[in-house]
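Please examine the model shown below.

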Amino acid sequence: MSVEKTSSPFSGKDGFAPQGGNTRVAIATLGCKVNQYESAAMAESLENRGLSPAATFAEADYIIINTCTVTGRTDYQSRQLIRRAQKANPRAAVIVTGCYAQTSPQILAGMPGVASVVGNEEKTRIAELIVSLQEGRDGGENSAGACPGQGMAKSGSLSEEIPFVSRFPGHTRAFLKIQDGCNAFCSYCIVPYARGRSRSLEPEEVLARLARLARRGYREVVLTGIHLGAYGKDRTDGTTLAGILRHVEAHRTVDRLRLSSLEPGDIDEELLAVMGAARVVCPHLHIPLQSGDDGILTRMGRKYDRTAFRELVARVRSLRPDMTIGLDVMTGFPGEDEKAFENTLELVASMPVAYLHVFPYSRRPGTAAAAMNGQVREEDKKRRALALRQLGAEKRRGFLERFIGATLPVLIEGRKDRLKGFSHNYLPVVLRNDEGATVNTIVPVRIEDRENDVLVGSPVYE
């Protein structure tokens with residue numbers, strides 16, 4: 001899982017842009033796109049309750065910190081963000097939720113300024129909690145504590161767990177979470193304990209929500225989940241991710257459907273058959289490799305080897321030459337010596353991939369990997385990560401240059417100095433001129449050049 005620190009899904013430095021009202025709430029988010037989606041869901045619920053967004057921590061009456069616990073480093077970042085919120089606004093009540101809140105509620109409940117710790121399953125009740133805390137502030141007691149449901153998350157219906165998010169301000173693409181939880185139990189990962197077993201949104205609900213987003217004017221929807229490729233595997237009605245994609249292709253429910261990260265073992269022939277001939281499903285796959293050494297993959301608990309991964313990438317590219325393939329790669333996992341790292345570097349260099357997300361291994365207490373021998377020095381992790389990032393930069397430049405002279409459909413998403421957007425295969429494009437192009441339209445663009453990591457082109461119309 002990728003890790004990134006973000007603000008709220010709305011505008012503003014630490015929260016979202018003020019819209020009036022008395023009680024103001026700021027949201028700050030760490031972690032994956034699922035966390036970002038859930039922050040958007042909380043924000044929409046709060047606004048529906050009449051609570052107002054706060055632009056900064058200092059302006060807020062309540063501050064929600066949506067935490068991540070995928071690594072020891074993100075635990076630290078979550079605690080630092082809580083401290084920063086409390087320092088910026090000692091009078092505000094801090095509510096901590098997310099995966100770190102699910103696995104370590106006692107640690108967080110003891111931090112200064114924390115009014116409540118809310119497990120992942122209770123995220124949908126954040127607005128109710130704030131109303132309750134507000135009533136306590138107005139005349140009752142308000143003490144820090146943890147909501148029920150900490151520990152390993154429970155299974156349940158996602159249509160009840162995850163509300164529909166209809167607004168993604170500032171974005172022309174929408175996100176739709178259709179799966180939660182994970183059964184993989186990789187040796188470095190705590191997420192199954194924070195999110196529970198894999199469970200899937202009902203297919204009828206997935207399709208209904210896609211249609212609603214399309215009616216709201218979103219041209220592109222990104223399907224997301226903790227283990228997206230496991231979608232449907234917990235059900236007994238034959239539901240599969242490929243089945244959802246086939247329906248969308250047949251009915252053109254949205255203009256574009258994009259997939260977030262998929263595990264190698266979940267990219268099967270059924271899925272490839274759909275993507276190989278797709279008009280709606282975008283030719284873009286992000287696949288976690290993690291390591292290119294078979295010994296390290298075994299220690300990680302991954303269910304493939306380097307040969308199988310190489311063959312998968314070759315198969316994908318043979319089906320769609322325009323397919324953009326990105327990889328997650330981890331450096332410095334316990335037991336990774338120089339030879340193991342060289343195996344990873346060689347494998348990545350040999351494959352037709354477009355970009356890399358590189359992460360130095362971060363020891364996470366509570367995982368099997370944390371107790372393994374052969375822990376790698378931090379300086380070696382950083383050196384190896386730098387080498388991989390340099391290789392990734394070369395791969396990205398080479399891939400972008402393949403499309404100079406081609407015409408790509410670009411969804412225009414906004415403007416800095418020039419209009420900009422992303423192609424169907426997720427390449428960033430800026431326009432030399434605005435002829436016939438406006439935000440939230442899909443425009444054919446002839447690619448003329450590359451400027452650093454961005455393609456440059458002009459609209460063309462027949």
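**Sheets, a helix and selected side chains**

Leu431 stands opposite Gly457 in S18. Leu431 belongs to strand S16 (residues 428–431), which pairs with strand S18 (residues 454–459) in the parallel sense over three bridges. Two strands are said to pair if DSSP finds at least two bridges between them; strands (E, at least two residues) and helices (H or I, at least four) are DSSP runs, numbered from the N terminus. The model is predicted, and local features need pLDDT of at least 70, side-chain atom pairs count only at pLDDT 80 or more, and totals for chains, interfaces and linings use all residues. Residues are numbered from 1 along each chain as its sequence is written, and side-chain values use heavy atoms, with hydrogens and water left out.

S16 and S18 are part of a closed barrel of five strands in the order S14-S15-S16-S18-S17, with mixed pairing. On average, neighbouring strands of this sheet are turned by 50° against each other, direction ignored. Helix H14 lies across S16, S18 and strand S17 (442–451), and runs at about 125° to S17. Here contact means heavy atoms within 4.5 Å, while axes are lines fitted to C-alpha atoms, for helices over the stretch in contact, with angles from 0 to 180 degrees between N-to-C directions.

H14 (residues 378–401) also lies across S12 and S13, running at about 170° to S13. These strands belong to an open sheet of three, ordered S11-S12-S13, with parallel pairing. Its edge strands, S11 (284–290) and S13 (355–360), each pair on one side only. The twist from one strand to the next averages 20°. S11 and strand S12 (residues 324–331) run parallel and are joined by six bridges; Ile287 stands opposite Leu327 in S12.

Attention now turns to individual side chains. His227 is found in the loop between strand S9 (220–225) and helix H9 (241–251). With a relative accessible area of 15%, His227 is buried (under 20%; exposed is over 50%, partly exposed in between; 1.4 Å probe, protein chains only). Leaving aside neighbours within four places in sequence, His227 is in contact with Gln179, Gly181, Cys182, Glu263 and Asp266. The side chains of His227 and Asp266 make a polar contact (2.7 Å), that is, a pair of N or O atoms within 3.5 Å; within protein, one must be able to donate a hydrogen and the other to accept it, and residues adjacent in sequence count only if both atoms are side-chain atoms.

A search of the whole structure finds zero disulfides, a disulfide being a pair of cysteine sulfur atoms within 2.5 Å. The closest cysteine sulfur to that of Cys186 is in Cys189, at 6.3 Å, too far for a bond.
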